[in-house]
Amino acid sequence: MDVQTTAKLNRAIAPPIKDAIEFELNLPPYAKHVLSNGVEVYAVDLGKVEAMMVSWIFDAGNSWEEKKGVAAAANSLLKNGTSDRTAFGINEHFEYYGAYLNRAAHHETAELTLHCLNKHVGELLPVVAELVSDSVYPAEELEIYRRNSQQRLQVSLKKSDFVATRLIDAYLYGEQHPYGKYSLLEDYQALEREDLTAFFDRYYRHGACRILTAGKLPTDLIQRLETSFGALPLRAPMAYSALSAPAVHPSSALSPNPPITPATVRKYNVVNDPNGVQGSIRIARNFPNRHHPDFQKVQVLNNVFGGYFGSRLMANIREDKGYTYGIHSWLVNNIQTSALMISTEAGKEVCAPAIREVYNEMQLLRTELIEEEELRMARNFTIGTILGDLDGPFHVAGRWKNILLNGLDGNYFNEGVRIIKTITPEELRTLAVKYLDPGAFFELVVV
Amino acid sequence: MIKFERFQLENGLRVLVHEDASTPMVVVNVLYDVGARDEDPKKTGFAHLFEHLMFGGSVNIDDFETPLQLAGGENNAYTTNDFTNYYIQLPAENIETAFWLESDRMLSLAFSEKSLEVQRKVVMEEFKEHYLNKPYGDVWFRLRELVYKQHPYRWMTIGSELSHIEQAQLEDVQRFFFKYYRPVNAILVVAGKVKTEQVRNLAEKWFGDIPAGERYKRDLPQEPPQREARRLTVKAPVPLDALYKCYPMASRTENGYYVADLLTEVLGGGGSSRLHQSLIKEKRLFSQIDCYHTGSVDPGLVVIEGKLIKGVSMEEADKAVEEELDKLKSEPVAVKELEKVKNKTESAIVFEDMSVMNRANSLAIYELLGDVNMMNTELGKYRAVTAEAMLETSRRIFDPLNGNTLYYQAQ
């Protein structure tokens, strides 16, 4: 081949690259439809494969429950019986068509998500409609759920990372706040069937719902959604401003939650297992939500700090010191109020030096400017990741979901890209001074 | 139908190209035909430790991650008992960066003492995090040793003990590299927004002059057929009793593999599966029960594992599992049930193949298995499985003399 005749390859020289700032990033749009009952459908029609997902997102997270664990149980048991179908019958129906019907309960929202091949969607939507309008929560299903959840929790409580994750949230938001509360074994025991049916009736059957769908969508999909869901007593979500405390930030209308009550003590050492060989380290501080002008800027700062493999925490604590298999930091994806979280598992004997290095890295970012080459790497990596993440209908839908549930719009995405491309080392140092103040962080080690 | 082109360089490197113009990205996947099964029993965990060292700099490039991240790329790798796989995803415009990086580390590593020293520690923390500091974390060490007496599947990818990792030496690293990490033992897959001609040129340019190396001829001790029921009881500081049952099954390329895969779906795939319905819901003996298989290249295992409801005895739980297996062995699976597990499989394949990265990974593995066309013939093989084959195979697999049972008891 002619390449053989060219000059000998110089492997020490990197091939030229196209820089991230030259990439155009566009979030493919959704189409919005409104069903007769006011429920909004956001449809991302993309892709070449005859497969799709539909997600029903209700205002039914733990922010709405009056008794601990009700929202999670009501969500989890949505598949466990209607007037006409047993739990087995429901599972068999979805599985026969090779479909996945997953449930998930978060803080403000809880959802039901269907993944299926397009050819089967007609057999599945009417049954989902049955679940969201006629779940009956059979007593024996609740009894099994109670016991099995307690057993699962008993196992989880033996894991230091699980315990640490619960505790740090309680410190950040307060144990009474929906973001900070967690279930104890006895909370499961206290769940009554009436709790679930009442919650279901209010937050699912007559609930606030929006539908997100993505894939190579069948042309008759909206008609099918109208047929199955348009006449149900569902409604579109409203703003919650009437329910919440005086607006402290522009999106208090997005979350029904009371203000947070962070703990007063900042440092914690918990012995969960006297024979444990590793400590689960969590270092975290409260942080405003996505509506704050610093949010997306601090995401860039965080990338440099601990947001990806090339970050400083990873380079120092894993790749230089070998204290851990991995260390990460991120801004928590909460609607009402966020947190900046640093998380790692490190050998028991190296927890103290690992924590010291985390604070050292904070101080460095507060005092010294990030070199342009390092910032370029973080910019390019982040843009590359977003580019890869815009690939495929489900990823695009995931981005829209986050934007919509946080009360934002497409400008938020574009603004984020602009910030990644243009933020300066000086701005980042100013942000580090403001937010990476070690005194503002909670620190927890669970062994 | 997944389309691909296949060619081979003079040094033996096999190259597969899958064009998909709908994505702005490319995936560059390099699979090396070496896994934990190829290790010296006294130096286990080495293939995986070695995977970490592949990021510690190569002969002409001292830092792998920085230039890749500058090019907007991300990457990772994993080691199994069978093979080691590295993958990069990056914007198509910067594809050459991936060729530059991957070819240089195939040419030669830098063999840095510092990298070895740090990664030994990192892997030891990984070992602790996943296997020591978790309830039930040591189960698979026990099970592998119970089932495999000859075959090197008897140890875990992470290694059988921390000391093996601790003792790894730079000479071991060098020897391992030049024995296994040669073009003749590697498969390169490029997928996404690329053209075959472009890949051909880049492959020649960057990989063409790497010495071929010697083809590694695998000659592993094979596991003799099991002819005795094996049992083991362990006591551990865990909150719940757990039951594990393992049964040797067919190798990845035998027809029996597809039958066994569907059998695990019948038993443990989802809320309408038999074990879930009978043992969690109806008899309420388990709070959790799963059935799956290890999917390995050489003969793998069908595994049933469950956590018992407090107060239920191991013997009672075990007997109830056996009863379900007896049903499977005595009556053919109903038409609807068989159709269900086939539909589930079809769906799983479609969703898995939606990602370019998964398609690249699958192409590499099928090439490793000896026939990349399997990428498009798998579903047909599942569809062809009959109820009779299910009956016959279940009798063979779930023969009590083929069984390995672990009672993992809460102290």
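How are helix 3 of chain A and helix 8 of chain A oriented to each other? The points below take up this question first and then turn to the rest of the model, which is predicted.

1. Helix 3 of chain A covers residues 121–134, and helix 8 of chain A covers residues 221–229. Their axes come within 9 Å and cross at roughly 30°. An angle under 35 degrees counts as roughly parallel, and helix 3 of chain A and helix 8 of chain A are therefore roughly parallel to each other. The crossing of helix 3 of chain A past helix 8 of chain A is right-handed.

2. The residues that bring these helices together can be named. Helix 3 of chain A contributes A:Val121, A:Gly122, A:Leu125, A:Pro126 and A:Ala129. Sorted by class, the contact of helix 3 of chain A with helix 8 of chain A holds six nonpolar, two polar and one charged residues.

3. Helix 9 of chain A (residues 295–307) packs with helix 14 of chain A (residues 410–422) at an angle of about 45°, and their axes are 9 Å apart. Helix 9 of chain A and helix 14 of chain A are therefore oblique to each other. Helix 9 of chain A passes helix 14 of chain A in a right-handed crossing. On the side of helix 9 of chain A, the contact is made by A:Gln296, A:Lys297 and A:Val300; on the side of helix 14 of chain A, by A:Glu415, A:Gly416, A:Ile419 and A:Ile420. Three of the residues in the contact of helix 9 of chain A with helix 14 of chain A are nonpolar, two are polar and two are charged.

4. The overall form of chain A may be considered next. Chain A contains 15 helices and 11 strands. A compact globule of 447 residues would have a radius of gyration near 22 Å, and the value of 24 Å for chain A agrees with this. The C-alpha trace of chain A spans about 70 × 65 × 50 Å along its principal axes. Of the 447 residues in chain A, 46% are buried. Among contacts in chain A between residues at least 6 apart in sequence, 79% join residues at least 24 apart.

5. Chain B may be described in the corresponding terms. Its secondary structure comes to 15 helices and 11 strands. For 411 residues, a compact globule would have a radius of gyration near 22 Å; chain B has 23 Å, which agrees. Along the principal axes, the C-alpha atoms of chain B fill a box of roughly 65 × 45 × 35 Å. Buried residues account for 51% of the 411 residues in chain B.

6. How many residues of chain A are in contact with chain B? There are 60 in chain A, in contact with 60 residues of chain B. Among the elements that give two or more residues to this side of chain A are helix 2, strand 5, helix 4 and helix 12 of chain A. Helix 12 of chain A provides the largest share, nine residues. The side of chain A that touches chain B comprises 27 nonpolar, 18 polar and 15 charged residues.

7. A:Phe381 lies in helix 12 of chain A. Is A:Phe381 buried or exposed? A:Phe381 has 28 other C-beta atoms within 10 Å, so A:Phe381 is buried. Leaving aside residues up to four places away in sequence, A:Phe381 touches A:Tyr308, A:Gly310, B:Gln69 and B:Gly72.

Key
Residues are numbered from 1 along each chain as its sequence is written. Chains are lettered from A and ligands numbered from 1 in the order in which they are written. This is a predicted model: local features need pLDDT of at least 70, side-chain atom pairs count only at pLDDT 80 or more; totals for chains, interfaces and linings use all residues. Two residues are in contact if their C-beta atoms, placed from the backbone, lie within 7 Å. Helices (H or I, at least four residues) and strands (E, at least two) are DSSP runs, numbered from the N terminus. Ala, Val, Leu, Ile, Met, Phe, Trp, Tyr, Cys and Pro count as nonpolar, Asp, Glu, Lys and Arg as charged, and the others, Gly among them, as polar. The radius of gyration is taken over C-alpha atoms; the globule rule is 2.2 Å times the number of residues to the power 0.38. A residue is buried if 20 or more other C-beta atoms lie within 10 Å of its own, exposed if 12 or fewer, and partly exposed in between; C-beta atoms are placed from the backbone. Axes are lines fitted to C-alpha atoms, for helices over the stretch in contact, and angles run from 0 to 180 degrees between N-to-C directions. Angles under 35 degrees count as roughly parallel, over 145 as roughly antiparallel, 65 to 115 as roughly perpendicular and the rest as oblique. A crossing is left-handed if the near helix is turned anticlockwise from the far one by less than a right angle, and right-handed if clockwise.
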